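Here are my notes on the model you sent over. Have it open while you read, and go through the points one at a time.

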Amino acid sequence: MPKRNQKKTLKHRIIKISSLIAGGGLLLLILFFFSIKAGLYGKLPDDELLSNIKNAQATEILDEKGENIGFLYRNYRSNVEYEELPQHLIDALVATEDVRFFEHSGVDYRSLLRVLIKTVILQDRSGGGGSTLSQQLVKNLFPREYSNKLEILAIKIKEAIIAKRLEEIYSKEDLLTLYLNTVSFPDNTFGIEAASQTFFNKSVNKLSLDESAILVGSLKATYTYNPRIFPENSIERRNIVLSQMKKYDKISEEVHQNAISKDIKLDYQPVKADEGIAPYFREQVRQKLVKWAEDYEKESGKSIDIYGDGLKIHTTLNRKMQLHAESAMKTHMQNLQKAFEQNWGNLAPWRKKTIYEQYIQRSHHYKALKIQGKSEEEIRKILNEKKEMQVFDWSGSDVKTMSVIDSIQHSLKTLQAGFVAMEPQTGAIKIWIGGIDFEYFKYDHVVQSKRQVGSTFKPLVYMAALEKGVKPCDYFPANAVAYDNLEGWKPTNSDGEDYTYINVNMQEALRKSMNTVSVKILEETGISSVMNLAKEVGIKSDLPEVASLALGTAELSLLEMATAYSSFLNEGKSSEPYFIKKITDASGKVLAEFESEIEYEQAFSILNQEMMLDMMQEVVNSGTASRLRWRYKLKNDIAGKTGTTQNNRDGWFVGLLPNLVTISWTGSDNGSIGFRSTSIGQGANSALPIFGLWMQKVNADASLNQYSKSHFRPLSDKAERLMDCPPVKEDGFFKKLFTNPDKEKSKDFDEDGKEGKGLFNKIKKLFKKDEG
């Protein structure tokens, strides 16, 4: 075949293959587009919902008595009408954000083509965005939720479809009004009226040209161009907006020059669109509502807009107790943070490169500089540059001059806290504090965080022992023992006392939180028995099947701990936590009612429950939690257990009232940073004070007498007889005679349990059998 024909044939093949690929690609795009319209990537809002955006009502969240604790809304409105918007504000917005706004029908194809060529093909990021104001409005009205790049593309197409539908329903003036009433401005202000009142203390119709340009300019990046925090950035951006207005003949050169010569003059009056308490709790409510709304639509065929249908969410929270708890947490954590930093001094671990380096490389600053192709040396130089930035600080000043690396170290040293209170009989949540400040720290330590629980796990070990037949008056040697089959592991007690020849009963061991005895009780009971009991009382996390389980090496959430401990106040049956009682629509019609979703079986006897409660009351009266009596002067009926983990990383306190279980935790989010000294880091000092300060406030509030004046039932005669024994028993003369106190005690650990094994134990059980 001639070469010319071969070339021609090859050319035809290439054209044919290219055409097939292009055609196939186009077909896929068309199918993808119609699959989005069909709702395969999430249902598109119907015309009724889009037509009633103006009448959207915020969802109100109520406490158990119907008192407001906050709102859920898509936008914060101030009833600004189009006529109230200054013409220079409209001109500034359109000239900067969407110059062909009055020409297109929701999607600006010219802008999209420009972005495609400059950003995608030429890799020039200065090409800007291709979204119109209508598309931006859609993004504001229907927040994005995606997990991969395909979903991002689907969302972009959905936004374009909805934008075109909005343009069919509303006039351009209505769309501008909707946009300016819903868009977010700096400092979490929503809507132009809120922004105007916040930064200039005036209504939107009183804004000057340069003030309008400042607010419109901030829309590009509300933090970077915040006029309060970064006035220089704000001036630079304002001038770009003014230049755009001049470019499109909205202002003259003279007006332009006059406006750019002005300094920023703020009259800052913060307007909080959402002033509710319990922010971590409200976020959990929101997440629950998202799932409920999806299920409700599947079952009823009716769509629910949780941000705009004016729902009333009746929760189990007690507003007064929540306020008292938040106040107690803030008071204590401010003092604890100060003591924590002073105690470490110049040895502060958060300043060690081995600790903070990993967080630098995870930071978005570092990753962005890497993408830009900066060298490691250049990145370090930039990250060490000092500038003003907004960070959390207990002093009340949230703007500090520091570098990115400084801010990372600042975050690492910041201690966190969690506190939750639950009604043990029902599982109803009464208090929920997920962290020290929701604005800066979104991570919820009540439900998301799992930490080692330390000695707060011991009551479960003791309860499993009682259920296996161990008696509260059985004595256990308090001395330390090295376990040969556990690589010589030798648990010791934190008090440092000499326990040679000393034996203690269960109450004394729990009162002093003795590690040596807890391990021996676990050995007596069997690890599997303890793990089975833990599951029966509602612990769902995996537990380490090791001897150190007795000391609380299990990692659990505060909510799991609350579930487990509810069994001690509810006749051996745990209650699953819940926090929404019912949901009603704007007219008051009940849409859903809720209660605890899981009903647990009884895990242990009522007799063993009352004996364990009595032991935990002694922990408060004279044990590791006794500062509730001598420091906080609390005279209430309280049972409790303190907990501290290895290297003082976590501090815990479980506080039990007859009708309320509370769990408090403190620590650093970085597991390698703990307290330098146990005196500061132990649960009795780091976590217990939150409960102590809160309980003082509850006692002073007569409306909460149902909790402060509640009482435990007195011990039954049988329980009293079983617990009637001296707390300590010393070895007898002959045992001392044949014991060498200087020789280290060692043995193998029996993880299967000893109770009932051997002839001697069986005879001993016969003699100890209760006759009552």
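1. Strand 15 (residues 580-584) and strand 16 run antiparallel to each other and are joined over 3 bridges. For the bookkeeping, strands (E, at least two residues) and helices (H or I, at least four) are DSSP runs numbered from the N terminus, and two strands pair if DSSP finds at least two bridges between them.

2. Before going on, a word on the source: this is a predicted model, with local features needing pLDDT of at least 70 and side-chain atom pairs counted only at pLDDT 80 or more, while totals for chains, interfaces and linings use all residues. Residues are numbered from 1 along each chain as its sequence is written, and side-chain values use heavy atoms, leaving out hydrogens and water.

3. Next, a helix pair. Helix 3 (residues 87-97) and helix 9 (residues 209-218) have axes that come within 9 Å and cross at roughly 40°; axes here are lines fitted to C-alpha atoms over the stretch in contact, with angles from 0 to 180 degrees between N-to-C directions. Helix 3 contributes His88, Leu89, Ala92, Leu93 and Thr96 to the contact, and helix 9 contributes Leu209, Ser212 and Val216. Contact means heavy atoms within 4.5 Å.

4. Have a look at Asn505, in the loop between strand 13 (502-504) and helix 19 (506-511). Is Asn505 buried or exposed? It is buried, at a relative accessible area of 3%, where buried means under 20%, exposed over 50% and partly exposed in between (1.4 Å probe, protein chains only). Leaving aside residues up to four places away in sequence, Asn505 touches Pro472, Cys473, Asp474, Tyr475, Cys725, Pro726 and Pro727. A polar atom of the Asn505 side chain lies 3.4 Å from the backbone oxygen of Pro726.

5. Last, helix 18 (residues 458-467) is mostly covered, with 9 of its 10 residues buried. Among them are Lys458, Tyr462 and Met463. The buried residues pack against several elements, including helix 20 (515-525), helix 23 (606-622) and strand 17 (639-644). Just after helix 18, Gly469 has a positive phi of about 110°.

Definitions and conventions: A polar contact is a pair of N or O atoms within 3.5 Å; within protein, one must be able to donate a hydrogen and the other to accept it, and residues adjacent in sequence count only if both atoms are side-chain atoms.
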